[in-house]
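These entries record what I looked up in one structure, in the order in which I looked.

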Amino acid sequence: MTNLFPGKGFSNRIKITQNEFMQLRDIIYELSGIYLQDNRKFLIENRFAPRISELELNSYTEYIDYLRNHIKGKTEELNMLTELITTNETSFFRDNPQLKVFRNFTLKNFIDAGNKSGRREIKIWSAGCSSGEEPYTLAIILHEMLKKEISKWRIRITANDISDNVLKMAQKGIYTKYSLRTTPENIISKYFTDKGNDVFQINPDVKRLVSFGKINLNLDRDLKRIPKSHIIFCRNVIIYFDKKMKKKVLEGFCNNLLDVGHLYVGHSEALHTVTDKFKPKQHTGTITYHKI
Ligand SMILES: C[S@@+](CC[C@H](N)C(=O)[O-])C[C@H]1O[C@@H](n2cnc3c(N)ncnc32)[C@H](O)[C@@H]1O
């Protein structure tokens, strides 16, 4: 899903000045690590217009004052701000070439090792999971790989996001066909219940593998709460961060990932300019990252 306001109907919306934009950018960065490029002014005006008119404010300066007052005490407006600034675009089976590598390289590796040692455990962290399509996709792939053997495995997929709204949707596990636009039909019929009227509910066997929770990747104490992982997925999340924040988050991933672990990021998110803590491994269609 995406929470981008379409912009229509706000032709009289209040304009943001460069100074106000910079102040708002600092507040957002401090809150979430999300860094707004200069060309995001129009996006801000589009997304914030309904909130500013709801609060009956006359300028961004008034809104910034309002935010500053709330930052001192209540978290309510900060949560509202989070909803306005995050981009939650996602879908089931997003980036199939990458998922093929996840299946044939990463999972095969961990399944073979687990069967050999008898320690059948896989812990996955989906960081920035949006409305759940990514962690549920990983759970479906695990079912497809392990079939009946899955009952012999301890599988834990920890899925987090900063946005309460998307986490609520994820926990419900109810989707429209749009979320399933790149999902094969046989997978839809096997792992979803078609409730009619374009409503598809994820099956309990998939749902029970995933636990959702709120975290802010900008907070060290939140990162430390996550159990150590064999595999981390953080796709299309760090793209919104500046270099300093990317470095910090990748440091957190390095501390979380077990030595044998594999890290997946989005296909446009190269790590070599940001950190030297991971070495890349090139595959057809994707790169996996491994601790040095
Ligand atoms: C574009 S979605 C990516 C969803 C999924 N990983 C995928 O690739 O399909 C980015 C998600 O990152 C989350 N996010 C952004 N900043 C965050 C932060 N500081 N802490 C945790 N999650 C954050 C957003 O709320 C959003 O749901």
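I began with the contacts between residues at least 6 apart in sequence: 75% of them join residues at least 24 apart. I note at the outset that the model is predicted.

I then listed the secondary structure and found eleven helices and ten strands in the protein.

I checked the overall size next. The radius of gyration is 20 Å, which agrees with the value near 19 Å that a compact globule of 292 residues would have. I also took the extent of the C-alpha trace, which spans about 65 × 50 × 35 Å along its principal axes.

For burial, I recorded that 33% of the 292 residues are buried.

**Two domains**

I looked up the domain division: domain 1 covers 18-85 and domain 2 covers 96-291. I found their C-alpha centres 30 Å apart.

How many residues of domain 1 are in contact with domain 2? I counted seven, and they meet eleven residues of domain 2. Helix α4 (residues 76-85) supplies three residues to the side of domain 1 that touches domain 2, the largest share. By class, I sorted the residues of that side of domain 1 into two nonpolar, four polar and one charged.

I turned to strand β7 (residues 229-234) and strand β8 (residues 257-265). These two strands run parallel and are joined by five bridges. Between β7 and β8 the chain passes through helix α11 (residues 243-256), and I noted this β-α-β crossover as right-handed. Within the pair, I located I232 opposite L263 of β8.

**An antiparallel open sheet**

Which strand order does the open sheet of three strands have? I read the order as β3-β5-β4, with antiparallel pairing. I identified β3 (174-175) and β4 (192-196) as the edge strands, each of which pairs on one side only.

I followed the pairing of β4 with strand β5 (residues 199-202) in more detail. Four bridges join β4 and β5 in the antiparallel sense. For D194, I found the bridge partner F200 in β5.

The β7 and β8 pair is parallel, with five bridges, whereas the β4 and β5 pair is antiparallel, with four bridges.

Definitions and conventions. Residues numbered from 1 in each chain as written. Predicted model: local features only at pLDDT ≥ 70, side-chain atom pairs only at ≥ 80, totals over all residues. Rg over C-alpha atoms; globule rule 2.2 N^0.38 Å. Buried ≥ 20, exposed ≤ 12 C-beta atoms within 10 Å, placed from the backbone. Contact = placed C-beta atoms within 7 Å. Pairing = 2+ DSSP bridges. Right-handed = clockwise from strand over helix to strand, strands pointing away. Domains from an automatic or database assignment. Nonpolar A, V, L, I, M, F, W, Y, C, P; charged D, E, K, R; others polar.
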